[in-house]
Amino acid sequence: MNGIESVLPFAVVFPGQGSQRVGMMSTLAAVHDEVVERFATASRVLGFDLWDLISNGPADSLNRTENTQPAMLAAGVATWDVWLKSGGPMPARVAGHSFGEYTALVCAGALEFDTAVALAADRGRYMQEAVPEHEGAMAAILGLELGVLEAICERAAGDQGICACANHNAPGQIVIAGDTRTVEAACEIAREAGAKRAIRLPMSVPVHCSLMRPAAERLAERLRSVEFTSPRIEVTHNVDVATHSEPEKIKDALVRQLYSPVRWIETIEDFAHGGIFHVFECGPGNVLTSLIKRIDRSLDSVALSDSESIKNQVETISELARGRTDER
């Protein structure tokens with residue numbers, strides 16, 4: 001480890017599906033050529049112009065899971081490229097929210113970028129094909145505790161339906177997923193139970209619930225031919241809030257992740273308990289930064305969304321590290 005890493009532990013997190021938008025990355029790309037270069041590599045793997053899609057849309061196409069996932073992967077890795085080129089040190093820990101875990105694995109050196117792009121497109125296709133269009137749904141429920149919402153999902157599902165707490169995003173902010181009719185019923189029950197809001201999300205597939213088991217089976221088969229190596233940085237996985245160094249355990253975590261909840265609250269709490277002081281969101285938007293502030297305000301969380309924010313945080317880390325070194 002260099003001096004910065006050893007005296008000032010910090011983490012980098014990568015957003016997943018939901019943070020995409022047409023025009024994302026344009027500000028960073030105007031200053032850093034490596035952003036467009038990273039998308040050019042992804043485009044060659046995919047066989048279509050991914051940069052044109054995120055720059056010009058249409059949004060409906062970008063929001064299709066098999067396109068969103070490679071786009072978010074390229075965006076997160078490109079931002080990471082800029083961080084490193086700007087003098088940013090390696091973090092002590094990384095994690096990704098839902099699909100963002102794949103970006104974390106690439107940046108941790110466990111998975112080659114080209115391989116991850118092809119894998120992302122296939123994963124998205126498996127997910128899209130697992131549930132017919134309009135038959136699955138996700139919704140954000142605000143203002144209810146996890147235990148209360150789990151009981152609501154069980155009540156709405158009854159003997160025939162499927163509904164589960166899919167993303168444990170922050171206290172009072174949980175996403176549910178399942179078949180459309182059951183999710184709608186759960187939203188209505190949640191409102192009656194005092195939820196502040198129950199909002200259907202513009203997701204094309206109901207991820208992180210049992211409806212994704214067929215996709216997980218296909219993913220497991222696909223992963224047999226994918227080469228992973230031990231990460232150079234600890235990666236905290238969504239499914240078990242644990243780090244794994246063995247490739248087979250990483251693959252198993254990625255398979256289970258598809259039909260299991262994203263334990264984001266526990267991930268951020270684990271960072272704090274493990275001595276992390278700063279968390280930087282690496283990719284478009286600031287969704288994870290906002291969630292982290294709600295989970296633990298003692299953590300300094302910042303979105304690395306443009307050159308200025310990256311430059312400022314590199315300076316912040318460097319200054320704090322020098323100060324801690326001087327104290328020794």
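Modeller: Happy to! Let's begin with F280, which counts as buried at 0% relative accessibility; here buried means under 20% relative accessible area, exposed over 50% and partly exposed in between, with a 1.4 Å probe and protein chains only. Please keep in mind that this is a predicted model, in which local features need pLDDT of at least 70 and side-chain atom pairs count only at pLDDT 80 or more, while totals for chains, interfaces and linings use all residues. Residues are numbered from 1 along each chain as its sequence is written, and side-chain values use heavy atoms, with hydrogens and water left out.

The model has six aromatic pairs, a pair being two rings of Phe, Tyr or Trp (its six-membered ring) with centres within 6.5 Å, called stacked if the planes are under 30 degrees apart, edge-to-face if over 60 and tilted otherwise. One of them joins F10 and F280, whose ring centres are 5.5 Å apart with planes at 45 degrees, so this pair is tilted. Because F10 sits in strand 1 (residues 10–14) and F280 in strand 8 (residues 278–282), the contact ties together parts that are 270 residues apart in sequence; helices (H or I, at least four residues) and strands (E, at least two) are DSSP runs numbered from the N terminus. F10 is buried too, with a relative accessible area of 1%. Another pair is made by F39 and W51, with centres 5.2 Å apart and planes at 65 degrees, so it is edge-to-face. F39 is buried, at 0% relative accessible area, whereas W51 counts as partly exposed at 21%. Back at F280, this residue forms one aromatic cluster with F10 and W83.

Rings also meet charges here. The charged end of R38 sits over the ring of F113, 4.5 Å from its centre, and R213 lies over the face of Y259, at 3.9 Å from the ring centre. The rule asks for NZ of Lys or CZ of Arg within 6 Å of the ring centre and within 35 degrees of the ring normal.

Next comes the space left open. The largest pocket holds about 600 Å³, a volume being the space filled by probe spheres set on grid points joined across faces, edges and corners. A pocket is an open set of points on a 1 Å grid over the protein atoms alone, where a 1.4 Å probe fits and protein lies on both sides within 12 Å along at least five of seven lines; lining residues have an atom within 4 Å of a point. The largest pocket is lined by 30 residues, and Q17, G18, S19, L201 and V287 lie nearest its centre. Elements giving two or more residues to this lining include helix 8 (113–130), strand 3 (136–142) and helix 14 (287–295). Helix 14 gives the largest share, five residues.

Finally, the cysteines: there are zero disulfides, a disulfide being a pair of cysteine sulfur atoms within 2.5 Å. C163 is in none, its nearest cysteine sulfur being that of C153, 3.6 Å away. C163 counts as buried, at 12% relative accessibility. For C187 the closest cysteine sulfur, in C163, is 7.6 Å away, too far for a bond, and C187 is buried at 3%.
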